[in-house]
Amino acid sequence: LKGRSVGVVVNHTSLSKDGEHLIKLAHAAHVNIAAVFTPEHGFKGISEAGEKIMNGIEPLTGAPIYSLYGKTRKPSQKMLSGLDVLVFDIQDIGVRYDTYISTLALAMEAAAEKAIPVLVLDRLNPLGTEVKGPVLDTEFSSFVGMYPIAVRHGMTFGELAMMINEEGWLPDGLKAN
């Protein structure tokens, strides 16, 4: 990532095994974090469910923090302007009705529209690989469940990203790189 303009989709779960935040690690490694995108519950994870998140400035890098749970849920082309790569690093809870899956999909869609590659920092599913519960009827899809997957889906975010791509769930035949 060195020498590239990097956008990150992160929150309070974007931590190394030593508890260091991705932004701090990237900054220490001289990676240029040019934009920060944050989902429901905000950058620090302290906002209530459903509470709109405001934009801000990330203090270590000075990069803008764009809310993906306020006026917009999908990064705009202006927000992505100048980025070379988009890194997604959020810990999943392992269930379909987590809005982070929708945030992943909309970030992939926006990046695909702008031909920006997406790097998913994959993490184990905390509930394991077992699949349980009904599959969502897409007639009832929303931001808390966009795709026909089981309640307990048994996948990692990397696997979900590949499934979103390969099943053709992005609009207009888009595929994220």
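This is a predicted model: local features need pLDDT of at least 70, side-chain atom pairs count only at pLDDT 80 or more; totals for chains, interfaces and linings use all residues.
How many helices and how many strands are there in the protein chain? The protein chain holds four helices and eight strands, and if we follow the chain from the N terminus, the elements come in the order β-α-β-β-β-α-β-α-β-β-β-α.

Let me turn to the overall form. The chain has 177 residues, and since a compact globule of that length would have a radius of gyration near 16 Å, the 15 Å found for this chain agrees with that expectation. The C-alpha trace spans about 45 × 35 × 30 Å along its principal axes, and 46% of the 177 residues count as buried. If we take the contacts between residues at least 6 apart in sequence, 70% of them join residues that are at least 24 apart.

Is Glu 58 buried or exposed? Its relative accessibility is 6%, and because the limit for buried is under 20%, Glu 58 counts as buried. The side chain of Glu 58 reaches the backbone nitrogen of Leu 60 at 3.1 Å, and, leaving aside residues up to four places away in sequence, Glu 58 touches Ile 23, Val 36, Phe 43, Ala 63 and Ile 65.

The second residue is Val 135, which lies in strand β7, residues 132–135. Here the relative accessibility is 53%, and because exposed means over 50%, Val 135 counts as exposed. Even so, Val 135 touches Arg 96, Pro 148, Ile 149 and Ala 150, again not counting residues up to four places away in sequence. Val 135 and Phe 157 are 22 residues apart in sequence, and from C-alpha to C-alpha they are 18 Å apart in space.

Finally, what about empty space inside the model? Rolling a probe the size of a water molecule over the atoms shows where such space is left. A search of the whole structure finds one cavity of 30 Å³ or more, and the volume of the largest cavity is about 30 Å³. Which residues line the largest cavity? They are Arg 96, Ile 101, Ser 102, Gly 145, Met 146, Tyr 147 and Ile 149, and by class this lining has four nonpolar, two polar and one charged residues. Arg 96 and Ile 149, which belong to this lining, are also among the residues that Val 135 touches.

Methods:
Residues are numbered from 1 along each chain as its sequence is written. Side-chain values use heavy atoms; hydrogens and water are left out. On a 1 Å grid over the protein atoms alone, a cavity is a set of points where a 1.4 Å probe fits but cannot get out, and a pocket is an open set with protein on both sides within 12 Å along at least five of seven lines; lining residues have an atom within 4 Å of a point. Grid points are joined across faces, edges and corners, and a volume is the space filled by probe spheres set on the points. Ala, Val, Leu, Ile, Met, Phe, Trp, Tyr, Cys and Pro count as nonpolar, Asp, Glu, Lys and Arg as charged, and the others, Gly among them, as polar. Buried means under 20% relative accessible area, exposed over 50%, partly exposed in between (1.4 Å probe, protein chains only). A polar contact is a pair of N or O atoms within 3.5 Å; within protein, one must be able to donate a hydrogen and the other to accept it, and residues adjacent in sequence count only if both atoms are side-chain atoms. Contact means heavy atoms within 4.5 Å. Helices (H or I, at least four residues) and strands (E, at least two) are DSSP runs, numbered from the N terminus. The radius of gyration is taken over C-alpha atoms; the globule rule is 2.2 Å times the number of residues to the power 0.38.
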